[in-house]
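Open the model and keep the sequence beside it. The walk starts at a single loop residue and then widens to sheets, hairpins and the core.

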Amino acid sequence: MHPKNEPSPVLVRQNLKAPGCPSLFSVLLLTLLFFLVAFPGPKALSAGSRNRPAVYGYKVTQTFPHDPEAFTQGLIFYEGYLYESTGLHGKSSVRKVHLETGQAVKTIPLPERYFGEGLTRWKDTLVQLTWQSRVGFVYDLSTLGLMKKMPYPFEGWGLTEDGQSLIASDGSPQLYFLDPVLFQERRRIVVRDQGLPVARLNELEFINGEIFANIFLTDRIARISPDTGDVTGWIDLTGLLPSSDRRPNTDVLNGIAYDRQRDRILVTGKNWPKLFHIRLVKRNPGSP
Ligand SMILES: [Ca+2]
């Protein structure tokens with residue numbers, strides 16, 4: 001197909017065949033070209049909107065119990081179990097949790113001075129961030145025994161991994177790609193929605209080549225290209241936790257885990273009594 005914003009070959013040939021009134025024809029041709037460029041037709045508008053993120057709603061496939069005292073800051077699923085990092089001073093922990101019952105199989109409390117944050121698996125270890133202490137903890141995956149502490153130079157919010165690097169958020173629009181052993185920064189990206197930075201990136205999960213990020217204080221999850229930082233989709237989880245399940249200490253949506261074996265997306269929130277297996281449902285383009 002001929003590009004819509006370029007003059008067609010027919011118009012150019014007609015111009016050459018109009019020696020009697022070249023100036024008038026040139027003016028008409030330029031005017032036509034101006035309107036084609038300034039007011040592209042529906043097809044061109046459609047092509048120009050390709051960078052607008054897709055919007056997804058959800059369907060709840062299954063509901064599981066979740067500890068309503070777990071202030072969820074990090075969540076992953078690995079080989080049949082959830083692993084969860086909880087926050088708040090004096091209530092922070094890392095725990096291995098049975099999905100179907102919501103019961104912790106093992107809980108490792110953090111000293112009161114630490115506020116637990118993002119959590120991910122790296123090989124046979126778990127890595128946990130802390131909020132403002134600028135130190136992370138590395139645990140043995142099978143025993144949850146503490147192996148070592150690792151310093152890093154930013155606030156700890158969310159954490160995931162892409163098979164090569166750890167990926168951390170700090171509440172800003174930036175995501176940091178870190179050496180998984182040394183915690184040294186390899187690169188960083190700025191997350192943008194149609195060019196505008198997206199702040200308050202929180203809990204993370206790497207799912208099939210994309211980074212999913214909770215946006216703090218909202219019911220939304222951004223789908224992010226790890227190469228460009230572009231938001232390619234928004235997941236609207238409004239109404240996921242029914243009002244009848246909310247208590248005074250029920251807090252915001254936070255916590256995304258992915259079960260690769262069964263292709264399940266699992267989400268919950270801080271002090272939520274439930275955890276949900278959801279299926280994404282793409283909304284029609286242009287719907288709110
Ligand atoms: Ca996660």
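Thr-250 touches Asn-271 and Trp-272, leaving aside residues up to four places away in sequence. Touching, or contact, means that the C-beta atoms of two residues, placed from the backbone, lie within 7 Å. Thr-250 sits in the loop between strand 19 (231-236) and strand 20 (253-259). Strands (E, at least two residues) and helices (H or I, at least four) are DSSP runs, numbered from the N terminus. Thr-250 is partly exposed, because 15 other C-beta atoms lie within 10 Å. The scale runs as follows: a residue is buried if 20 or more other C-beta atoms lie within 10 Å of its own, exposed if 12 or fewer, and partly exposed in between, with C-beta atoms placed from the backbone. Phe-71 is 179 residues from Thr-250 in sequence, yet their C-alpha atoms are 9.0 Å apart in space.

Some ground rules come next. This is a predicted model: local features need pLDDT of at least 70, side-chain atom pairs count only at pLDDT 80 or more, and totals for chains, interfaces and linings use all residues. Residues are numbered from 1 along each chain as its sequence is written.

Now take the chain as a whole. It has 288 residues, of which 33% count as buried. Its secondary structure comes to three helices and 22 strands. Among contacts with a separation of 6 or more, 50% join residues 24 or more positions apart.

How confident is the predictor? The mean pLDDT of the chain is 87, and 81% of its residues reach 70 or more. pLDDT is the predictor's confidence in each residue, from 0 to 100. Over residues 1-22 pLDDT stays under 50, and the model has 15 contacts beyond four places in sequence for them. Residues 32-50 also have pLDDT below 50. That stretch has 10 contacts in the model beyond near neighbours in sequence.

Four strands build it in the order 2-3-4-5, with antiparallel pairing. Its edge strands are strand 2 (72-78) and strand 5 (104-109), each pairing on one side only. Neighbouring strands here are turned by 15° against each other on average, direction ignored. The axes behind this angle are lines fitted to C-alpha atoms, for helices over the stretch in contact; angles run from 0 to 180 degrees between N-to-C directions. Inside the sheet, strand 3 (residues 81-86) and strand 4 (residues 93-98) pair in the antiparallel sense over six bridges. Two strands pair if DSSP finds at least two bridges between them. Leu-82 has Val-97 in strand 4 as its bridge partner.

Two hairpins share strand 12. Strand 11 (residues 166-169) and strand 12 (residues 174-178) pair antiparallel over four bridges. Ser-169 stands opposite Leu-175 in strand 12. Four residues separate the two strands of this hairpin, and Gly-171 in the turn has a positive phi of about 90°. On to strand 13 (residues 185-190): five bridges join it to strand 12, and the two run antiparallel. Here Leu-175 stands opposite Ile-189. This hairpin has six residues between its strands, and Phe-183 takes a positive phi near 65°.

Which residues touch the most other members of the largest nonpolar core? They are Ile-211, Ala-213, Ala-222 and Ala-257, in a core of 47 residues. A nonpolar core is a set of buried Ala, Val, Leu, Ile, Met, Phe, Trp, Tyr and Cys residues joined through C-beta atoms within 7 Å. Ile-211 touches Thr-160, Ile-167, Leu-175, Leu-204, Phe-206, Ile-224 and Pro-226, not counting residues up to four places away in sequence.

Most residues other than glycine have a negative phi. Lys-123 has a positive phi, near 55°. It lies in the loop between strand 6 (116-122) and strand 7 (125-130). Lys-123 counts as exposed because it has 8 C-beta neighbours inside 10 Å. Leu-217 is not a glycine either, and its phi is positive at about 75°. Leu-217 is found in the loop between strand 17 (210-215) and strand 18 (220-224). With 12 C-beta neighbours inside 10 Å, Leu-217 counts as exposed.

End on strand 9 (residues 146-151), which holds Lys-149. Is Lys-149 buried or exposed? It is exposed, because 11 other C-beta atoms lie within 10 Å. Lys-149 touches Val-135, Gly-136 and Phe-137, not counting residues up to four places away in sequence. Leu-129 is 20 residues from Lys-149 in sequence and 9.9 Å away in space, C-alpha to C-alpha.
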